[in-house]
Structures are given as C-alpha cells and as structure tokens.
Amino acid sequence: MTMELKKAVTESTQAATIKLTVLETSDIHGHILPIQYANHNPTETGLAKLATLIREKRRHHEHVLLIDNGDLIQGTPLAYHHARLNREAANPMIASLNELGYDAAVIGNHEFNYGMDLLRKATSESSFPWLCANIVNESDGEPFLGKPYTIKIYGGVKVAVLGLTTPYIPNWEKAEHIAGLRFEDAVQSARRWVKELREREAADIVIVAYHGGFERHLENGEPTEPQTGENQGYALCRDVPGIDLLLTGHQHRSIAQVVCGVPVIQPGSAGALLGKAVLTLERSAEAGGRWRVATVESELVSPHGAVPDVRIMELADPHERLTQTWLDQPIGRLVGDMRVLDPMGVRLAEHPLIEFINRVQMELSGAPISNTALFDNVSPGFPEHITMRDIVSNYIYPNTLQVIRVSGRDIEAALEQTAGYFDTYDGQGEIRVSPAFSDPKPQHYNYDMWEGIDYKLNISRPVGQRVTELLYNGRPLDPDGEYEVVMNNYRAAGGGNYAMFQNKPVVKDIPTDMAELLASYIMERGTIQSTLNGNWEVVWDGKAGR
C-alpha cells in the first residue's frame with residue numbers, strides 16, 4: 001500500500017468529531033488542604049478535593065486539558081511558611097500540580113508577592129510551562145518566562161493555549177519584585193498572539209487563559225468598575241477575533257456562560273469550584289477540512305462531599321506539620337478584648353483590633369495618621385493568649401508598610417471612597433454593603449478605618465457627600481495642608497480604586513511583612529492592652545452620634 005493510500009485510509013477512518021474536556025483551576029491561593037487555619041474546622045474546598053474531581057474527569061474523558069489560571073503560590077499560612085521559613089524545600093503547591101499532570105499554568109499577580117527568586121524557583125520546579133504572553137523583559141521584549149503559549153495535540157486536533165495576565169500589577173507590587181519587566185495591554189497582546197497562533201502555528205482551536213476578570217456587565221456591556229485596564233475580559237471577548245474559549249480568574253467569581261459569543265469560565269477561589277468546558281470539535285468542509293468548535297458545554301463543578309485525594313494530602317503533609325507547629329507558637333498575652341464577633345459592627349464604629357493595628361503602624365513608622373482594614377468577614381480577632389495562628393488569621397496578606405505624603409483633600413477623598421462601602425441607609429432594616437464593594441466579589445479589604453484623625457461618615461447621604469466631620473488635632477483638616485500617612489503598600493499604590501494615593505511622595509518604606517511586624521511588636525512587649533478612643537464612627541439620619 002502506497003504512503004498516499006495509507007494516509008487516505010487513516011483520514012477516512014478518523015473520527016468525524018472529537019470531544020475535548022478543558023478543566024480550569026484559578027486563584028487557589030495556597031489552599032491545598034480542606035481546613036480553616038484559624039480554627040482547624042473542615043471545609044469543602046481546596047486543591048486536594050479538586051484533585052479527586054480532576055482524576056475522575058480524566059477517567060471518564062479521553063482528551064483532557066488541565067490549566068491553572070494563576071494566583072497559586074500565595075494566600076495561606078502554608079504558602080507563607082514555605083515562602084518565608086521553608087523555601088529551600090520543594091514548593092508544595094507546585095508538587096501538587098505536577099502530581100496531577102497540569103498541562104500549563106498562567107502567572108497571576110500574587111505570584112510576584114514573595115519576590116522573583118521564589119517565583120523562578122517555583123517555575124523551575126514545575127513539570128509544565130508557565131505562560132505569560134504580555135509580561136515581557138524590558139531588555140528584549142520577549143516573554144519573561146519564555147513561553148507565551150503552548151500547543152497540544154488531541155486526536156489530530158491542534159489546540160493552542162495562550163497565557164495572559166492583568167497588566168495592572170505595577171500599581172500594586174513592590175518595584176523590586178518586578179524589576180526589568182514590562183506589562184503590556186492584554187487585549188493588544190491577545191490580538192497579536194491569537195493571529196499568530198491561527199496563521200503561523202495553524203492552530204485549529206485557540207484557548208486564552210487570562211488571569212484577569214471582567215470590567216463590564218456580562219450581558220449588557222455596561223461598565224462595572226473604573227476602566228483602568230486591571231480587568232479586560234469583556235474586551236477580550238468583544239474585540240479579539242479567533243478565541244474559542246476564555247478562561248478567567250482574579251475576581252474570584254463563579255462564571256460559566258457566553259460573553260459576546262465566546263464561552264467563558266471563572267471558577268471562584270481557594271479551590272471552591274472546578275471549571276469545566278466540553279468542546280465538541282468537528283471537521284469543517286467550509287474551512288477545507290480543518291477542525292472547528294461545534295458546541296461548548298460549560299459548568300462549574302463543586303467538590304462538596306469529595307474525599308480529599310490521598311496523594312495530594314501526602315505531598316502537603318510535611319509542609320503542613322511544620323506550618324501547624326509554627327502557627328501554634330505563642331506570641332504574647334492580651335489584656336482586654338480584641339475578638340471580632342460582628343464584622344459589620346467593626347466597620348460601623350472603631351474596634352480595639354483596628355485601633356491596635358493602626359497604632360502599631362503609627363509607632364513603627366513614626367507617621368501621625370494611619371489606615372487599615374478588616375480584610376474579610378472571617379477574621380477572628382485576638383484572644384487572650386495570642387499565637388502566630390491569630391496573627392496570620394487576621395492579617396492575611398503579605399503587605400508591607402509605606403508612609404506617603406498626601407493633602408487634606410486627598411484624605412477626604414479617600415474617606416468618601418471608603419464610605420461608598422455602605423448602601424444608602426435610612427435607619428430602617430439592616431445596613432448593607434453596596435454593590436460597588438460586593439459585586440462581582442466582596443471587597444471588605446477596600447474599606448479603610450483611620451487613626452490620627454477624627455471623622456464621621458453619614459451613610460444616609462449620597463455617595464461622595466458622606467464625610468460630615470473631619471478633624472486633625474481637634475481642628476478641621478486643612479484641604480491644602482500636607483500630612484504623612486502610613487498604610488499598606490497595596491493602598492499606597494492606589495490599589496482598590498484609591499487613585500488619590502497614586503504617585504505620592506514616599507516618605508518611608510518599611511519592607512517587612514505586616515504579619516512579622518505585628519508578631520515582633522507583641523513578642524517584644526509580652527503583654528498588650530486593648531484600648532479604644534472612638535475617634536470615628538458611621539452615622540445616619542436619626543442616629544444620635546457620640
């Protein structure tokens with residue numbers, strides 16, 4: 001039989017359709033085990049549970065493509081302990097992905113949090129490529145990890161996966177962690193690379209894995225946030241031809257739908273969901289026999305009730321035991337009460353925990369004014385006997401501190417921004433978080449509480465007109481005066497839509513993680529005292545102020 005005849009027979013017997021199952025994890029944030037680090041309570045989330053689902057999908061589907069979409073190596077005490085105290089060991093998150101046979105991963109913004117050395121160590125340990133088409137070297141314009149995309153072949157179908165990352169990272173990350181890198185617009189980069197994948201690589205199917213979210217309403221296209229370029233998912237669907245499937249993340253949303261004709265997935269965070277899309281591929285006579293997507297069925301699969309994967313648990317175990325020993329390390333004693341029993345109450349009137357964190361920031365930095373946040377609604381506060389577990393359960397981000405010089409007008413604008421956290425309230429029913437801070441994901445970490453100034457926020461008033469009192473040293477704050485304020489590096493860079501802080505003079509930079517600063521502060525003193533000066537409160541029409 002001639003080679004030509006063999007080829008013809010092979011092609012004639014090749015399946016007319018192929019099903020490709022695409023699985024996505026995103027924003028795992030170091031959550032391997034199904035536990036809460038604050039109290040050891042079990043959860044129905046985490047990579048170990050998702051691993052059970054992943055192995056099940058592999059057993060039932062012939063062609064499976066498995067992608068992690070970023071923010072993998074930061075976010076839990078386990079991840080923190082590895083990065084700060086056990087970095088010579090193999091990274092447990094990477095070992096888990098290797099074990100599960102991931103095909104690729106995408107760089108997330110939090111991959112940079114512990115510096116380039118740790119990031120490069122993690123990528124060097126990976127048995128899969130890390131994709132980052134729009135993060136390039138300033139020196140030569142090449143993708144800084146070398147791989148903008150990867151190509152996989154399934155039953156003769158050529159599938160390309162392009163990796164993109166939110167280019168907004170320089171607005172949050174420490175400059176030394178991203179030195180030598182340039183962050184290019186994700187949409188412009190996608191146009192270039194998707195075209196190249198279609199034409200030069202002759203890819204049949206193009207999947208874009210984008211560590212970013214959506215800047216517009218998914219149905220009507222109306223803007224849902226300031227158009228800064230942080231999230232460009234809608235523009236990718238609308239403005240970049242040739243994308244067959246868009247995998248997203250960063251916003252921690254649960255999405256499985258079609259946007260501007262493009263199927264989209266986003267599987268929450270912390271291993272809460274597994275994204276799944278089944279692509280039915282068929283040969284197209286109109287395209288000269290090339291493969292195309294006939295249908296896409298997408299869903300988000302919950303790991304609730306799944307038994308954690310034994311091998312993943314074994315890989316994490318030695319790291320977990322070291323982490324738990326470290327978390328139980330005693331730090332000091334508290335006189336008074338800093339427990340968080342009502343998160344909304346903490347945000348309505350000053351709480352001893354918030355006052356303590358602000359006062360530590362002021363004392364360590366020398367700044368007379370400070371702000372901080374209650375990052376989520378599960379922060380437990382401090383008990384009488386404080387351990388490292390209590391520190392990292394309350395201060396969950398690897399933030400450092402900066403003192404910046406701002407105007408009184410900037411401070412008032414920041415207070416108006418923070419006051420937008422609340423829905424307009426008339427004194428009836430429950431006080432609620434506004435959609436601006438709850439949709440598409442909760443943004444409790446963007447509600448700041450201040451020390452060193454006296455202020456009131458009236459949430460019966462329209463957003464932007466809520467600051468009803470603002471004093472410094474007992475006198476009205478001078479709008480044109482200059483003030484030094486200490487805050488975390490994320491906020492100092494304008495993160496969370498605090499544009500009034502961007503590009504302000506940095507008076508002092510304290511490059512130590514806040515968790516370490518708080519632990520050292522308490523250990524040096526042995527005993528700390530709960531205090532409350534009540535320098536601020538949230539009021540509404542009909543409520544008697546203090």
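This is a predicted model: local features need pLDDT of at least 70, side-chain atom pairs count only at pLDDT 80 or more; totals for chains, interfaces and linings use all residues.
**Stop 1: helices H2 and H4**

Select residues 47-60 for helix H2 and residues 92-100 for helix H4. The two helices pack with their axes 11 Å apart, at an angle of about 15 degrees. H2 is therefore roughly parallel to H4, since angles under 35 degrees count as such. Their crossing is right-handed. To see the contact, show the side chains of Leu47, Ala51, Ile54, Arg55 and Arg58 on H2, then those of Ser96, Leu97, Glu99 and Leu100 on H4. By type, the residues of this contact divide into 5 nonpolar, 1 polar and 3 charged.

**Stop 2**

Next select residues 63-68, which form strand S2. Is this strand enclosed or open? Of its 6 residues, 6 are buried, so S2 is largely enclosed by the rest of the structure. In a regular strand, side chains alternate between the two faces of the sheet. In S2, His63, Leu65 and Ile67 lie on one side and Val64, Leu66 and Asp68 on the other, and both faces are covered. Pick Thr21 to find its bridge partner in S2, Val64.

**Stop 3: Leu457**

Move to strand S22, residues 454-458, and select Leu457. Leu457 has 0% relative accessibility and so counts as buried. Beyond its neighbours within four places in sequence, Leu457 contacts Leu415, Thr418, Ala419, Tyr447, Arg466, Val467, Thr468, Glu537, Val538 and Val539. Finally, select Arg339, which is 118 residues from Leu457 along the chain; their C-alpha atoms are separated by 24 Å.

Terms used: Residues are numbered from 1 along each chain as its sequence is written. Side-chain values use heavy atoms; hydrogens and water are left out. Axes are lines fitted to C-alpha atoms, for helices over the stretch in contact, and angles run from 0 to 180 degrees between N-to-C directions. Helices (H or I, at least four residues) and strands (E, at least two) are DSSP runs, numbered from the N terminus. Angles under 35 degrees count as roughly parallel, over 145 as roughly antiparallel, 65 to 115 as roughly perpendicular and the rest as oblique. A crossing is left-handed if the near helix is turned anticlockwise from the far one by less than a right angle, and right-handed if clockwise. Contact means heavy atoms within 4.5 Å. Ala, Val, Leu, Ile, Met, Phe, Trp, Tyr, Cys and Pro count as nonpolar, Asp, Glu, Lys and Arg as charged, and the others, Gly among them, as polar. Buried means under 20% relative accessible area, exposed over 50%, partly exposed in between (1.4 Å probe, protein chains only). Two strands pair if DSSP finds at least two bridges between them.
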